[in-house]
Amino acid sequence: MLRIRLAGDADMQWSWIPQNWSIIWPYTLDNLLLGLVPPLIGLVIALPVGIACVARRWLYPPVLSLSSAIYALPSLALFVVLIAYTGLGNLTVIIPLTLFSLCVLIPNVVDGLRSVSEPVRQAATAMGFTQVRRLVQVELPLAVPVVIAGLRVAVVSSISLASLGQLIGVSSLGYFFIDGLQRDFPTEIYVGLALTILLAVLCDVILVVSRALLTPWARGRRIGPSPRLAWPVAGR
Amino acid sequence: MITFDGVTKRYPDGTVAVDSLNLDIPDGKIMVLVGPSGCGKTTTLRMINRLVEPSAGRVLLDGRDVADANPSRLRRGIGYVIQQTGLFPHRTVEDNIATVPMLTGRKKADARARARELMELVGLDPPTMARRYPHQLSGGQQQRVGVARALAADPPVLLMDEPFSAVDPIVRAALQDELIGLQARLHKTVVLVTHDVEEAIKVGDLVAVFRPGGRLAQVDSPERLLGAPADDYVRDFVGFDRGIRRLSFFRAVSLDLATDSVLPAATTLADAITVGKRAGEPWLLVVGGDRKPLGWAAVADLESGPPDATLAGADLAPVGHTFRPEADSLRAALDATLLSRTERAVGVDDGGQVLGTTSYERLRDAIRAAEEAADRAADPVGGGR
Ligand SMILES: Nc1ncnc2c1ncn2[C@@H]1O[C@H](COP(=O)(O)OP(=O)(O)OP(=O)(O)O)[C@@H](O)[C@H]1O
Ligand SMILES: [Mg+2]
């Protein structure tokens, strides 16, 4: 489909970068925003939903099926459908990415809460924690490592999927892929690619560091199930 | 006082875990609930702090039905220790211990100071341990933190569900001893669940033996449980060696020690032989001027020596094991006797001075007398078990 010539240095024009800094920077920033906002909205929604799923066991299977179904949708198709309602604006990208984030985050919130062992839960109750207090002071803090593991996946996939937004005119690093392709100018594609990876790695490192700071107790100790999804799935 | 008044617990699946239980747990005592797996011990315990609600009957705490209490407030006044510890992995040792004081609104600094006091009480060194996380402790240390946490708000009642089952036997014995020591100072009303009869007998002031199906077989002091089991079930449950174990509860003061075979080192061999023959004793205990034991002289060997020599120069067998009749049990006296080469053990006072010596015959008489006295006390009407 794409005819990118895989070639050596001849195709990479380093001088293009400083000359075009003024467009590289804003696209990068927009891409970063598109990568961060959906997981954050997703987290805000996933927490109560996950908590509800743990409290009411019967709720979880349908929620899980629904989110798997959503996860299977091609993002481009979602964009196209949404254009009819939200036009060619940021929302058209943010909504699908938020949905995808939810698909990762809800199971992680549920797994995180369930990773709290029964004796710990019982001890908390027996010491006189009310349900709400137990949730806030015991269960949620203990779920943090698993939730952050989900957040890492959500952020990295959002950053990479955000570039698709460019297809419907939403500013992101996708601009360089489309422009580079149209002009048959590989340098631009490489720059877009490199920046996408850079953003993803940067955010991931920040999340890993913040997890270490938030959960000093988890150091040197394996906690909970591993993140449900490995690296972002290709081919959306 | 905790009272179970006709309490039955039937779980939703139909399992009857506890069946019409009537039980009084007096203040300031350790009540041990013991019985085979699945007989409803944990369920019984959890009905006290309302982790489980009875299907019928009432549980009273100081005369008030716990069902009328606000559960959270009720629980803050009842310490709870479980086998798996249930320590919060995300809180340091001191913050784990400070949990209930913080819940009840004490200031963090206050609560932590209290936590450090409790760490000392349970034998944990605050400077090295306070800031650790639970996973950085050994099993025995974790269990100590669990006990400290349960005691932090100074609750009058302490519930313990197999608190020492997960640690190795040596640590378990140490923790049991510490519990006994703590209780001597704190006088809590303790309800402890175990499936280990030894543990029940060691730590319990009272022992409630459950049978399968959640019914009570016998509630009694450990002595009486061993001495007068209510039926064959209890007899089997407390074990085949209950006779020996029961001796732990009989004090060795009742033992009639031999004193005429204890001789000063200055005694001549001729006199010693006379004494030995008159007493019918093959062994004589030789003591120094301070009445501390020097060793055993065999009467048969003395005859080969010069009659006017003294015991000081004779070949003596080692003293062997000693025991203190004032402090030790008949079991300790029996052990000391069995383990000594001369088949006699030396009873000494706190200063190590000889009070007299044992023999199998003397032990047998003392055991019989003690058992008869205990049985009379257990069964005032007379008649057999
Ligand atoms: N939540 C529950 N639902 C249904 N049945 C239960 C529940 N909890 C306990 N039981 C059943 O009730 C009975 C008593 O259980 P309980 O835990 O009180 O026994 P236990 O004496 O503490 O046993 P163990 O020594 O094995 O801990 C068992 O048959 C058990 O299977
Ligand atoms: Mg149990």
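Biologist: Happy to look at this predicted model with you! How many residue pairs are in polar contact between domain 1 of chain B and domain 2 of chain B, counting both at pLDDT 80 or more?

Modeller: A polar contact needs a pair of N or O atoms within 3.5 Å. Between domain 1 of chain B and domain 2 of chain B, with both residues at pLDDT 80 or more, the count of such residue pairs is zero.

Biologist: Which classes of residue make up the side of domain 1 of chain B that touches domain 2 of chain B?

Modeller: Four residues of domain 1 of chain B meet five residues of domain 2 of chain B. Across this interface the rule finds zero salt bridges. By class, the domain 1 side has two nonpolar, one polar and one charged residues.

Biologist: Thanks! Where are the two domains in the chain, and how far apart are their centres?

Modeller: The domain assignment of chain B places domain 1 at 2-249 and domain 2 at 253-368. Taken over C-alpha atoms, the centres of these domains of chain B are separated by 46 Å.

Biologist: Which residues in domain 1 of chain B lose the most area to domain 2 of chain B?

Modeller: Between them, the two domains of chain B bury about 430 Å², with 70% of it on carbon and sulfur atoms. On the domain 1 side, three residues together account for 92% of what that side buries. They are Ile244(B), Leu247(B) and Ser248(B).

Biologist: Let's turn to the two chains. How many residue pairs are in polar contact across the interface of chain B and chain A?

Modeller: The contact takes 23 residues from chain B and 21 residues from chain A, and the area buried is about 1900 Å², 66% of it from carbon and sulfur atoms. With both residues at pLDDT 80 or more, the residue pairs in polar contact number six.

Biologist: Which element gives the largest share of the side of chain B that touches chain A?

Modeller: On that side, α2 (71-76), β6 and α4 (99-103) of chain B each supply at least two residues. The largest share is four residues, and it comes from α4(B).

Biologist: One last thing: why is the pair of Phe129(A) and Phe88(B) edge-to-face?

Modeller: The whole structure holds nine aromatic pairs over all chains. Phe129(A) lies in the loop between α6 (118-126) and α7 (131-162) of chain A, and Phe88(B) in the loop between β6 (78-82) and α3 (93-97) of chain B, so this pair joins two chains. Planes over 60 degrees apart count as edge-to-face. The ring centres of Phe129(A) and Phe88(B) are 5.8 Å apart, and the pair is edge-to-face because their planes are at 85°.

Terms used. Residues are numbered from 1 along each chain as its sequence is written. Chains are lettered from A and ligands numbered from 1 in the order in which they are written. This is a predicted model: local features need pLDDT of at least 70, side-chain atom pairs count only at pLDDT 80 or more; totals for chains, interfaces and linings use all residues. Side-chain values use heavy atoms; hydrogens and water are left out. Domain bounds come from an automatic or database domain assignment. Contact means heavy atoms within 4.5 Å. Buried area is the accessible area (1.4 Å probe) that two parts lose on being put together, summed over both. A salt bridge is a side-chain nitrogen of Lys or Arg within 4 Å of a carboxyl oxygen of Asp or Glu. A polar contact is a pair of N or O atoms within 3.5 Å; within protein, one must be able to donate a hydrogen and the other to accept it, and residues adjacent in sequence count only if both atoms are side-chain atoms. Ala, Val, Leu, Ile, Met, Phe, Trp, Tyr, Cys and Pro count as nonpolar, Asp, Glu, Lys and Arg as charged, and the others, Gly among them, as polar. Rings of Phe, Tyr and Trp (its six-membered ring) pair if their centres lie within 6.5 Å; planes under 30 degrees apart count as stacked, over 60 as edge-to-face and the rest as tilted.
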